[in-house]
Structures are given as C-alpha cells and as structure tokens.
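Subject: Handing over the model

Hi,

Here is the structure I promised to pass on. Have a look at it first, and my notes follow below.

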There are 2 protein chains.
Amino acid sequence: MKTKDKILQASLQLFNEEGEQDVTSVDIANVLDMSPGNLYYHFKGKDPIIRQLFLDFEEEFKMVLQAPIEKSLELSDNWVYFYILFEEVADFRFFYRNLQGLVERYGDLEQRFRSLVNLKIKTMASIIFDLDKQGFIDIGRIEAEQMAERFAQQLTYWPTYHSLMAPQLSLPVSIHNGVFSLISQLTPYVSGGSAEFLALTTEFRDKMLKGVKRK
Amino acid sequence: MKTKDKILQASLQLFNEEGEQDVTSVDIANVLDMSPGNLYYHFKGKDPIIRQLFLDFEEEFKMVLQAPIEKSLELSDNWVYFYILFEEVADFRFFYRNLQGLVERYGDLEQRFRSLVNLKIKTMASIIFDLDKQGFIDIGRIEAEQMAERFAQQLTYWPTYHSLMAPQLSLPVSIHNGVFSLISQLTPYVSGGSAEFLALTTEFRDKMLKGVKRK
C-alpha cells in the first residue's frame, strides 16, 4: 500500500473513532510511527486529508447510489442494498458526526454534500416506484416521494442518532435496526398476496428482535 | 424584563442565527449595548449561559411532551400539537445544529438530552396508540413503536436537515413540511371510514403543496 493511502486509512479510522475535531496531524503521524515531517511531505496538514477522504467517499457513494437508478433490483436485493448503503455511511461516519460544523469549516463541501443527499432521495424514490411498478406494493406518488425523502434523512442521520441514543449497540446491530426501520415503512403498502415481501420483512424483524434480546 | 433574562434572550437569538460556536460573550454584550464587565456580573462567560438556556429548554419541552401522555388529545389537536413540538425545537434550534459537538463539550448534557429524546419517543407512542385505540387508525404494536421512534428522530434532526437541504425555505414552511411528513405516515393505517382523518391530511397536503409552489 502506498504511504499516501496508509495515511488516509489511518486518518479515517482515527476520525471515526475519536471524532475529527480532536485529532491532529501529529496524532495521525504517531499512529503510523511516522515523523510529522514525513506526513507533511504527503499531506500539508489535516485539511487536505479531510478533503481527499471526502472525494473518496463521494466517488464511491455516488457509484453505489447510481446503481438502482440505472437498473432495478430484484426484490430481495433491495434489503441487501439498504445494508450496503448503511455500511457506506458507517465507513465514513465521522463526516456525519457534526455535519453542520464540517460544512461550515469546509464551505465548498456543503453543496457537494447536499447533492449527495439529493442523489440519495432520487435513488430511494427509484426503488420505491419500482416496487410499486412490479406490484409488490401499492403506493401513491406523494406518499412515495415523502417516503423517499424520509429514507434519505434516516440514512443521513442514523450515525448521530446511534451515538447519542445507543452508543452501547454494536454497529452491525444498529445497521440492522436501520434497515428494518426502512423496510417496515413499506409494510402497510404491501399489495395483497405479496407473500414473498411479507416473509422477508418478518425474517428481518425476527432477526432484529433476537439482536435486541441478546443485549 | 430582568437583565439576566435579557441576556438569555439575546444569546438565544444570536446562537440560533449565527451558530453558538461563532458567538462570544463580547458579541452578546455588544448586541445588548452592555459592557462585558456587566454581562460577566450576571453570567461568568458563555458556558453558564448555554447551561441556563438548556435548563429553560428542558423544563419547557418536558412540560409540553408530558401533556399527551397524561391526557389524550382530540383528533385535530394532534396536528396542532405536532406544530407546537416543531416550534419548540425551532425556538432552541442552535442546540440541534451540532448536537454531537455540543454534548461532547458539555458532557453532563448528553444524558439529559438522551432523556429528552426518550421522552419524545414515549409521547409519540402514546399519540399513535391512542389514535389506534380510538379507531382512527389500525396499526400493530411493532410498527407503532417503529413509527414513534421515527417521529422522534425526525423531530430531532429536522433543523439540521432543513439548514443543509433547504436553507432558503422559511421556518414556518419547513415546519409545515415536517408536520405533514409525520402525518402522512399515518395515512396507510387509516381505518375504513375515518373520513375526518383523511380530510385533515388532505387539507394539510394541499397547504403544503401551495407553500412549495409559492417559492
């Protein structure tokens, strides 16, 4: 692995664990057993590291979000896809810890972050309309649009909600709860006879309840 | 009005408008045409101001959240009540701008803030179960609990979402959208014949669509 990538990886981990504001570039150099001068040779401080991490996140997340717009998913792929989205957010969760503070300090990221959330809404709408078109659910346009925006919101704020309300929950359990929360909103719209859909939701719920009991 | 209250009121306004981190106690004194020494006589810096504002917010919000737990609301009072909740949050929205940063800096507020969100969930559950009991909606326990938590989340994160995604929207329009977003989630659970409920939702939606078109 190139030194630049090692620095990015270590920074991401530190930021996620400690919150970005409390981490200095010296901390990052220390973790890597590297002199601050050597780190400075690759990145001129913390700012360019954060920008590079954002570019990486943006590129990857856009690619993932684009997929179901270009080609519809099979029914059970939707749930897997929701997991992937939550995991993408978890991988870069330090961005969401204090999103408003971050975009205030890095003003040029605000518009880009807004575009990402808009792309989330578009993707979610695409999935919901597709479930409707395939006959798994029966939902009106306004309600579907409301739901798409809600899904995007939930996906955006879950890491903050998680660390405020249930920091003792492991990330995988928290993600499972998040996915279930999205799916359960589709339940009342399930068209009669979509046994496949209901079976999937029940399976999810049971896993979640087991996860909660394990605590 | 007592000087102490004047200081609190001016601070709250400044914090809401500019974000708490960028405001100093000298800024607050300036707005009030007061010497920093006089302000210091009443509050020993910004920290005790923030704590006092939190105590005021907590006291008021708890009182408001307790109401529908103690006594159920009439159907149409629910919507008014949702407005009041959103407005309470808007009045103290600087707390929500960077909630995670705030509770990190004021560690003792974290537990209290978590309790407030838990009380929000309890209130929302109480409202939803009550609508079910009165026969306006028909919803299962797990879905109702999921919805209650979602309502509490939406109420908590809407100021952040609003300022990231639609800072050009006025607060009243944003609050109207927020209330509609809560209400529209109840729609698929409406029991046959609840004409009153559907009429209310439609009225809300129409107002919202008009508000959006006005932009």
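Leaving aside neighbours within four places in sequence, which residues is B:Phe82 in contact with? The residues in contact with B:Phe82 are B:Met124, B:Ile127, B:Phe151, B:Val179, B:Leu182 and B:Ile183, where contact means heavy atoms within 4.5 Å.

Some ground rules before the rest. This is a predicted model, in which local features need pLDDT of at least 70 and side-chain atom pairs count only at pLDDT 80 or more, while totals for chains, interfaces and linings use all residues. Residues are numbered from 1 along each chain as its sequence is written, chains are lettered from A and ligands numbered from 1 in the order in which they are written, and side-chain values use heavy atoms, with hydrogens and water left out.

**Chain A**

Chain A has 11 helices and 0 strands (DSSP runs numbered from the N terminus: H or I of at least four residues for helices, E of at least two for strands). Its C-alpha atoms fill a box of roughly 65 × 40 × 30 Å along the principal axes. Of the 215 residues in chain A, 53% are buried (under 20% relative accessible area with a 1.4 Å probe, protein chains only; exposed is over 50%, and partly exposed lies in between). Among contacts in chain A between residues at least 6 apart in sequence, 74% join residues at least 24 apart.

**The core**

B:Phe82 turns up again here: together with A:Phe82, A:Phe95 and B:Phe95, it has the most contacts inside the largest nonpolar core, which has 143 residues. Such a core is a set of buried Ala, Val, Leu, Ile, Met, Phe, Trp, Tyr and Cys residues joined through side-chain atoms within 4.5 Å.

**The interface**

Chain A and chain B each bring 36 residues to the contact. Between them they bury about 3400 Å², with 56% of it on carbon and sulfur atoms (accessible area, 1.4 Å probe, lost on being put together and summed over both parts). On the chain A side, A:Tyr157, A:Tyr161 and A:Leu164 lose the most area to chain B, together 21% of what that side buries.

The count of salt bridges between the chains is 2 (a side-chain nitrogen of Lys or Arg within 4 Å of a carboxyl oxygen of Asp or Glu). One salt bridge joins the side chains of A:Glu104 and B:Arg97, at 2.4 Å from N to O. As for the elements that give two or more residues to the side of chain A touching chain B, they are α7 (99-105), α8 (108-133), α9 (141-165), α10 (171-184) and α11 (195-214) of chain A. With 13 residues, α9(A) gives the most to that side.

Best wishes

Technical notes. Buried area is the accessible area (1.4 Å probe) that two parts lose on being put together, summed over both.
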